[in-house]
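The sequence and structure are shown first.

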Amino acid sequence: MTSDLKAQSKRLAARLEAIPSEIIAEIKPALIASANDLANVAKALAPEDTGDLIDSIEVTAPGGVTPAYAQGGGRRQANENQALVTVGNPDQRHGHLVEFGTDPHKNGGQFEGTDHPGTDAQPFLLPAIRLTQDRNKRRIGRAIGKAVRNAAKNGGGNA
């Protein structure tokens with residue numbers, strides 16, 4: 001699934017590369033608002049034990065760099081046409097285990113050889129995406145339409 005999302009993101013980025021910079025600049029507030037919407041819903045749905053999972057959900061604005069975290073390879077720079085929502089930081093590395101759960105397994109490390117019963121999935125990010133997707137598409141669509149109309153009214157833009 002991750003590679004499919006990366007491929008889709010690359011295709012979208014290539015298509016958006018042809019859009020004048022003035023239009024992208026006008027769309028950024030909608031991208032950030034949509035990412036904040038998603039992050040807020042994810043925080044509301046995330047299970048709260050110590051609060052570290054909720055506190056690790058962050059928005060990275062277009063052009064920004066995600067916080068360092070162990071899962072997913074660490075820091076990543078958002079393209080100018082992306083706002084990213086990430087879960088995890090150096091102190092909280094278990095968001096994926098909460099989202100998808102774990103199978104029963106033998107423990108390693110300090111508890112090596114003991115049995116772990118597994119954990120039930122407690123989805124919070126994928127449901128947040130589903131809950132906010134339509135609203136965010138409409139928000140971004142309106143921003144694109146407005147930006148294109150403004151660019152047309154002003155005689156186009158420079159790439």
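R139 is partly exposed, with a relative accessible area of 21%; partly exposed denotes values between buried (under 20% relative accessible area) and exposed (over 50%), computed with a 1.4 Å probe on protein chains only. The model is predicted, so local features need pLDDT of at least 70 and side-chain atom pairs count only at pLDDT 80 or more, while totals for chains, interfaces and linings use all residues. Residues are numbered from 1 along each chain as its sequence is written, and side-chain values use heavy atoms, with hydrogens and water left out.

The side chain of R139 meets that of D37 in a salt bridge (3.9 Å, N to O); the term denotes a side-chain nitrogen of Lys or Arg within 4 Å of a carboxyl oxygen of Asp or Glu. Because R139 lies in helix 5 and D37 in helix 2, this pair ties together parts that are 102 residues apart in sequence. D37 is buried, at a relative accessible area of 14%. A network of salt bridges links D37, R135 and R139.

## The course and packing of helix 5

Helix 5 comprises 29 residues, 125-153. Helices (H or I, at least four residues) and strands (E, at least two) are DSSP runs numbered from the N terminus. From first C-alpha to last, helix 5 reaches 39 Å, close to the 42 Å expected at 1.5 Å a residue; the expected span is 1.5 Å times one less than the number of residues. A kink of about 45° is centred on Q133, where the bend is the angle between axes fitted to the seven residues ending there and the seven starting there.

Which residues of helix 5 are buried? They are P127, A128, T132, N136, A143, A147, N150 and A151. These buried residues pack against helix 2 (21-45) and helix 4 (95-100), contact being heavy atoms within 4.5 Å.

## Other salt bridges

The count of salt bridges comes to four. One of them joins the side chains of K28 and E80 (2.6 Å, N to O). This pair links distant parts of the chain, 52 residues apart: K28 belongs to helix 2, and E80 to the loop between strand 1 (57-60) and strand 2 (84-87). K28 counts as partly exposed at 23% relative accessibility, and E80 is also partly exposed, at 43%.

Another salt bridge is formed by the side chains of K106 and D115 (2.8 Å, N to O). Both K106 and D115 are exposed.
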